[in-house]
Amino acid sequence: MSDWRVETLGEDALLLRFGDRIDAALNRRVHALAAGIAAQRPPWLCDVVPAYATLALFVDRFVFPASADPLHEVERWLDAQAFGTDAETVAGEQRVVDIPVRYGGEDGPDLEAVAAHAGLSAQEVVARHSTGDYSVAMLGFAAGFPYLLGMDAALAMPRLDTPRTRVAAGSIGIGGAQTGIYPRQGPGGWRIIGRTTLPLFDAVRTPPTLLAPGDRVRFVVDPASTTR
Amino acid sequence: MSVRVLAPGLLTTLQDGGRTGFRHLGVGTSGALDAHSHAIANLLVGNPATAPVLEITLAGPRLHFDRAARIALCGAEIDARIGAQVLPGWRRIEVPSGSELALGACRRGARAYLAVAGGFAAPGILGSASTDLRAGFGGVRGRMLAVGDVLPVVRLSLPPADAVAIAAWWIDPAPDLDLGTTQVVRVLPGRDAVAGERALFAEAWRVDAASDRQGLRLQGNALSSADARERISEPVAPGTIQLPADGRPIVLLADAQTHGGYPRIGHVIAADRPRLAQLRAGDGLRFEPCAPAEARRLSIEQRQRLARIALAIASRG
């Protein structure tokens with residue numbers, strides 16, 4: 001029996017829903033099902049797009065005969081596959097990616113503010129942020145932008161009231177209870193505590209993103225970090 | 001052969017049928033916003049329907065052709081001339097070597113499509129030549145055209161033209177495209193309800209000047225979501241109608257982000273998305289409810305009309 005519900009997302013996609021909250025266990029289920037579906041490579045499947053607690057299947061409607069209801073056919077296909085409910089099936093395949101970070105200073109202009117908000121020293125914020133065990137809940141907002149689960153709750157801080165017009169590429173930010181990395185220079189409202197020089201997105205590289213949905217991530221403190 | 005950019009126009013980008021299969025990496029679809037006009041422009045010059053073309057927004061570029069070329073302009077009604085010769089839309093046009101094509105204002109509609117026989121040669125990145133303006137790749141170095149750009153065109157052996165020659169026949173894009181200043185588009189139900197069951201459909205919306213290839217921002221009587229709880233980010237798609245907290249709907253277009261946390265109050269059907277592309281700031285937009293079976297029928301019929309247009313053009317040789 002499946003532990004998700006099927007909704008439609010317009011006429012080109014089904015949305016499979018495990019829930020409606022941010023929860024690491026639900027997100028693992030999302031990635032397990034995404035991997036299971038992608039492995040089958042049905043001819044109508046254009047894309048499998050994970051989010052926190054939902055998964056969109058984008059469908060090429062014109063693969064189906066004109067008399068068919070494509071999304072209904074996809075739903076029947078899903079029923080027939082009997083995908084398991086075991087999130088552990090993909091756990092063994094999870095990649096771990098180490099990301100070196102220079103915390104503080106010009107690279108992390110909001111580090112002191114995050115520390116003040118948390119009632120911690122800047123060094124303690126860096127220690128807690130860099131020892132977390134993170135997983136990529138999804139890539140979105142911008143090409144290659146990872147939404148990471150697993151941050152120490154003490155570091156949570158609301159976004160800036162007024163987003164910056166310019167956040168440097170590679171900036172590590174805190175937005176609420178989440179942390180993420182800006183792949184490209186642009187506007188952004190997350191609290192920036194550090195920066196990596198690893199390219200998060202390069203369209204002509206294969207694969208184009210450093211991280212994939214479901215990956216595990218560790219931040220490694222660059223000795224050049226500026227913390228008082 | 002190649003086309004040199006003498007003046008870039010307001011926002012001219014190289015676009016094809018769009019990029020599929022990378023939304024899971026946060027990479028949007030891009031591609032021609034008005035896919036129907038884009039396809040017909042290509043078919044008129046003998047290209048595959050999804051070949052790369054120039055998408056011209058509101059005010060067009062000036063272009064120099066270093067060889068004879070066959071072109072077509074579809075979509076918005078745009079001022080176009082070569083010297084004193086005025087060029088009509090929706091026709092096959094032979095252009096002599098050394099011509100300077102001056103594209104002016106879009107008179108009706110917002111986006112015109114220029115196809116060149118052979119197709120603009122652009123590297124396919126992640127399976128598409130389309131410009132992704134937000135991520136900064138594809139098309140011409142990931143950006144809109146700039147003065148001095150040289151756009152290579154896949155070489156065809158065309159008979160030399162001494163003068164501009166305009167075909168006597170043309171394609172009528174109705175009923176798939178309508179350049180009126182009020183559009184009616186049909187909408188499938190979204191996940192989230194609006195307070196007041198018919199409020200989305202009750203009156204006309206006006207297109208805000210802040211609209212772009214990411215989305216049409218609408219002005220009108222603010223709506224409210226029937227359920228104001230905070231939502232987490234979930235996948236969205238081109239055509240999705242979002243309702244931010246200010247109550248003014250945003251209709252997502254081809255350059256939209258892949259995920260969003262606003263309520264989704266509907267989805268514009270695929271067959272009506274070309275109409276969205278032609279709306280300008282200040283234009284009106286009305287939504288009508290649509291059932292899934294009806295959306296499927298309309299989409300298949302549109303595809304069949306396009307197939308008939310392709311046959312009609314092919315029969316002209």
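**Entry 1. Terms and model**

I take helices and strands as DSSP runs, a helix having at least four residues and a strand at least two, numbered from the N terminus. I note at the outset that the model is predicted.

**Entry 2. Cis peptide bonds**

The bond from T206(A) to P207(A) is cis, and its omega is near -5°. I placed P207(A) in the loop that runs between β12 (191-195) and β13 (216-221) of chain A. In chain B, the bond from A174(B) to P175(B) is cis, with omega near 0°. P175(B) sits in the loop between β10 (165-166) and β11 (182-189) of chain B.

**Entry 3. Positive phi**

I then turned to backbone phi, which is negative in most residues other than glycine. F141(A), not a glycine, has a positive phi of about 65°. I found F141(A) in the loop between β6 and β7 (146-149) of chain A. F141(A) counts as buried because 23 C-beta neighbours lie inside 10 Å, the cut-off being 20 or more. W90(B) also is a residue other than glycine, and its phi is positive, near 65°. Its loop lies between β6 (85-86) and β7 (93-95) of chain B. W90(B) has 20 other C-beta atoms within 10 Å and is therefore buried.

**Entry 4. Chain A overall**

I counted four helices and 13 strands in the secondary structure of chain A. Along the principal axes, the C-alpha atoms of chain A fill a box of roughly 65 × 30 × 30 Å. Of the 228 residues in chain A, 45% are buried. Among contacts in chain A with a separation of 6 or more, 60% join residues 24 or more positions apart.

**Entry 5. A sheet of chain A and its helices**

I traced an open sheet of four strands in chain A, with the order β1-β2-β4-β3 and antiparallel pairing. β1 and β3 of chain A stand at the edges with a single partner strand each, so one side of each has no neighbour in the sheet. From one strand to the next, the twist averages 20°.

β3(A) and β4(A) run antiparallel and are joined by five bridges. I noted one residue pair, in which P50(A) has L55(A) of β4(A) as its bridge partner.

Helix α1 (residues 24-40) of chain A lies across β2, β3 and β4 of chain A and runs at about 170° to β3(A). Helix α2 (residues 70-81) of chain A packs on the sheet and touches β1, β2 and β4 of chain A, its direction making about 125° with that of β4(A).

**Entry 6. Contact between the chains**

I recorded 38 residues from chain A and 32 residues from chain B in the contact. On the side of chain A that touches chain B, the elements giving two or more residues are β1 (5-9), β2 (13-17), β3 (45-50), β4 (54-59) and β6 (134-139) of chain A. β3(A) gives the most to this side, with five residues. By class, this side of chain A has 25 nonpolar, five polar and eight charged residues.

**Entry 7. A helix pair in chain B**

I examined helix α1 (residues 35-44) and helix α4 (residues 292-315) of chain B, which pack at an angle of about 15° with their axes 10 Å apart. α1(B) and α4(B) are therefore roughly parallel to each other, the cut-off being under 35 degrees. The crossing of α1(B) past α4(B) is right-handed. A39(B), I40(B), L43(B) and L44(B) of α1(B) make the contact with L306(B), I309(B), A310(B) and I313(B) of α4(B). I classed the residues of this contact as eight nonpolar, no polar and no charged.

Notes
Residues are numbered from 1 along each chain as its sequence is written. Chains are lettered from A and ligands numbered from 1 in the order in which they are written. This is a predicted model: local features need pLDDT of at least 70, side-chain atom pairs count only at pLDDT 80 or more; totals for chains, interfaces and linings use all residues. Two residues are in contact if their C-beta atoms, placed from the backbone, lie within 7 Å. Ala, Val, Leu, Ile, Met, Phe, Trp, Tyr, Cys and Pro count as nonpolar, Asp, Glu, Lys and Arg as charged, and the others, Gly among them, as polar. Axes are lines fitted to C-alpha atoms, for helices over the stretch in contact, and angles run from 0 to 180 degrees between N-to-C directions. Angles under 35 degrees count as roughly parallel, over 145 as roughly antiparallel, 65 to 115 as roughly perpendicular and the rest as oblique. A crossing is left-handed if the near helix is turned anticlockwise from the far one by less than a right angle, and right-handed if clockwise. A residue is buried if 20 or more other C-beta atoms lie within 10 Å of its own, exposed if 12 or fewer, and partly exposed in between; C-beta atoms are placed from the backbone. Two strands pair if DSSP finds at least two bridges between them.
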